[in-house]
Amino acid sequence: MPKALGVKVIAKNKKAYHNYFIEDKYEAGIELFGTEVKSIRLGSVNFKDSFCTVKDGELFIHGMHISPYEKGNIFNRDPMRTRRMLMHKREIRHLYDKVRMDGMAIIPLSIYLKDSLVKVEIGLAKGKKLYDKRDSIAKRDAGREIDRAMKTRY
């Protein structure tokens with residue numbers, strides 16, 4: 001079977017952009033079992049409240065829910081299990097140093113298929129305060145008002 005080329009976005013974590021300032025973005029693979037891959041291809045994944053941690057030089061994702069594959073019977077795994085992320089050691093070390101020193105978090109931003117492989121885009125994030133969230137909402141609303149005014153004018 002030939003490999004599918006290109007990028008197909010499965011899910012995005014829009015709440016991450018609302019709750020955090022995203023400093024850097026990284027691409028990581030994820031260690032999955034066969035039925036989990038099939039379930040992700042169907043789009044049954046939820047990672048709204050998930051986060052990543054570094055333990056013993058390895059990167060793990062917590063709180064990501066992959067629904068059991070309907071036809072998977074005994075091969076289905078726990079939907080909320082901790083999964084290992086696949087990155088280079090120097091990148092993991094760099095992330096760990098930033099999280100430990102600067103008080104940042106590692107947050108998954110999107111899950112996508114890249115050349116038929118499941119990839120996760122993770123971001124090095126710093127939490128927003130309530131007034132930061134209000135400011136970003138005000139900027140977004142102002143942009144919408146400007147777009148509406150330009151649209152009705154011409």
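**View 1. Strand β5 (58–62) is joined to strand β7 (residues 83–86) by three bridges.** The two strands run antiparallel, and F60 has R84 of β7 as its bridge partner. Helices (H or I, at least four residues) and strands (E, at least two) are DSSP runs, numbered from the N terminus; two strands pair if DSSP finds at least two bridges between them. The model is predicted: local features need pLDDT of at least 70, side-chain atom pairs count only at pLDDT 80 or more, and totals for chains, interfaces and linings use all residues. Residues are numbered from 1 along each chain as its sequence is written, and side-chain values use heavy atoms, with hydrogens and water left out.

**View 2. Strand β4 (residues 51–55) pairs with β5 in the antiparallel sense.** Five bridges link β4 and β5, and C52 stands opposite I61 of β5. The two strands form a hairpin with two residues between them. In the turn, D56 has a positive phi of about 55°.

**View 3. The side chains of β5 alternate along the strand.** L59 and I61 point to one face and are buried (under 20% relative accessible area; exposed is over 50%, partly exposed in between; 1.4 Å probe, protein chains only).

**View 4. The largest nonpolar core has 26 residues.** Such a core is a set of buried Ala, Val, Leu, Ile, Met, Phe, Trp, Tyr and Cys residues joined through side-chain atoms within 4.5 Å. L59, I111 and I122 touch the most other members. Among the elements that give two or more residues to this core are β1 (7–12), β2 (20–30) and α3 (89–102). β9 gives the most, with four residues.

**View 5. I122 is in contact with residues that include L59 and C52.** Contact means heavy atoms within 4.5 Å. Leaving aside neighbours within four places in sequence, the contacts of I122 also include D24, K25, Y26, M85, M87 and L95. I106, I107, P108 and L109 are in contact with I122 as well.

**View 6. N13 lies in the loop between β1 and α1 (14–19).** N13 counts as buried because its relative accessibility is 3%. Leaving aside neighbours within four places in sequence, N13 is in contact with F47, K48, I107, P108 and L109.
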